[in-house]
Amino acid sequence: MSEPSYQPETLAVHAGTVRSQFNEHSEAMFLTSSFVFDNAAQAAARFIGEEPGNIYSRFTNPTVTMFEERLAAMEGAEQCVATASGMSAILACCMGLLKSGDHIVASRSIFGATVNLFGSILKKFGVETTFVSATDVSEWSAAARPQTKLFFLETPSNPLTEVSDIAAIAAVAKKSGALLAVDNCFCTPILQRPLELGADIVIHSATKYLDGQGRVLGGAVLGSKKNMEGVYQFLRTAGPTMSAFNAWIFLKGLETLKIRMDAHSANALAVAQWLEVQPNVARVYYPGLPSHPQHQLAMQQQKTGGGIVSFEVKGGREAAWRVIDNTQMVSITANLGDTKTTLTHPATTTHARITPEARAAAGITEGMLRIAVGLEAASDIQADLARGLG
Ligand SMILES: *Cc1c(COP(=O)(O)O)cnc(C)c1O
């Protein structure tokens, strides 16, 4: 079921399904830590890799494998390795592909924990990172060194929704002898397929849209069999693998991903258009609006503007907090990719721990709010925001 002729929404429903002896229609959840062998010789053959098959759920599990096969088909990847969270996907990618002395070039506009992983934790082990602009491709080529092994970006970025040119940065990576990894969390393979644009690796926090209902944590690394070999070996040995229960949740989540992404996108566009004409809103950041600086690139690279909208209210922190505190329906939380709309003040939450100067340089002002638009009626979301907008 991985013929390339199937559309992603078809693959989302069917790809990867393997039925057990009971011929169940819905994918089975295999809650077992280990697997038994017919005899001693089979155990030996499995352990040395002479015979394929499951051994222990830190290595492989049938439900997790179904999720991996399904997501790989949707991203057009040869192999997918599922992980316990989005951050462990990024860690496994680095541990599998890098060694001490290697160098990373990363967009400055990436998830806060990824900045810390690269800038603090990997640094302790001799891997250095240079942070560059998400949008200025010349900074990527200028930062590349002979030791550069990995380029890393996230597009659209959080919270400013900057759009990186994946094909252009992939070309620079190739010329520099580095691999390009794209965190595709915000778009999912329904809206954007980085491997088709020249990226080598796709990263997911499955916690967000792949689940889509805010229930469990998970992640994935996807790419060629060659590049995934080290990633898989790291996971199998170090252990941040995905649980069978979570894989089952994600399998079911993927089945509705297309209709959810379409609905999130339509709602986000309606909210962004409405925000743009509110007198107390200074600026709206949404790739689906013609006013977005990379609107054209976004429309080439992504199917829609996605589900995340940021905006700046007039009156700084006080005015931004007033919007948050006057809502009655949307959830005040930093999570995203949920059926429920979530609203956050990046300057005092997700980006509170970076210096005010770095925050200002990143364009995250005190008046900025980020909304991850859910599946409620757009008119109800607008009415909820209007209460505190004055
Ligand atoms: C949430 C998030 C992550 C981290 O994922 P977890 O599942 O929370 O570990 C990484 N990248 C992006 C873009 C995210 O939004």
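In the predicted model, an oxygen atom of the ligand is placed 2.8 Å from a polar backbone atom of G86, and an oxygen atom of the ligand likewise lies 2.9 Å from a polar backbone atom of M87. The side chain of S205 also takes part, with one of its N or O atoms 2.9 Å from an oxygen atom of the ligand. Of the 380 Å² of accessible area that the ligand has on its own, the protein covers 92%.

Helix α4, which spans residues 86–97, packs with helix α5, residues 112–124, at an angle of about 40°, the two axes being 10 Å apart. Because of this angle, α4 is classed as oblique to α5, and the crossing of the two helices is right-handed.

Backbone geometry was examined in the loops. The peptide bond from T155 to P156 is cis, with omega near -5°, and P156 is situated in the loop between β4 (148–154) and α7 (166–176). A cis peptide bond is also found from N158 to P159, where omega is near 0°, and P159 is likewise placed in the loop between β4 and α7. In the loop between α1 (8–14) and α2 (40–47) lies N23, a residue that has a positive phi of about 60° although it is not a glycine.

Key: Residues are numbered from 1 along each chain as its sequence is written. This is a predicted model: local features need pLDDT of at least 70, side-chain atom pairs count only at pLDDT 80 or more; totals for chains, interfaces and linings use all residues. Side-chain values use heavy atoms; hydrogens and water are left out. A polar contact is a pair of N or O atoms within 3.5 Å; within protein, one must be able to donate a hydrogen and the other to accept it, and residues adjacent in sequence count only if both atoms are side-chain atoms. Accessible areas come from the Shrake-Rupley method with a 1.4 Å probe; for residues, only the protein chains shown count as cover. Axes are lines fitted to C-alpha atoms, for helices over the stretch in contact, and angles run from 0 to 180 degrees between N-to-C directions. Helices (H or I, at least four residues) and strands (E, at least two) are DSSP runs, numbered from the N terminus. Angles under 35 degrees count as roughly parallel, over 145 as roughly antiparallel, 65 to 115 as roughly perpendicular and the rest as oblique. A crossing is left-handed if the near helix is turned anticlockwise from the far one by less than a right angle, and right-handed if clockwise.
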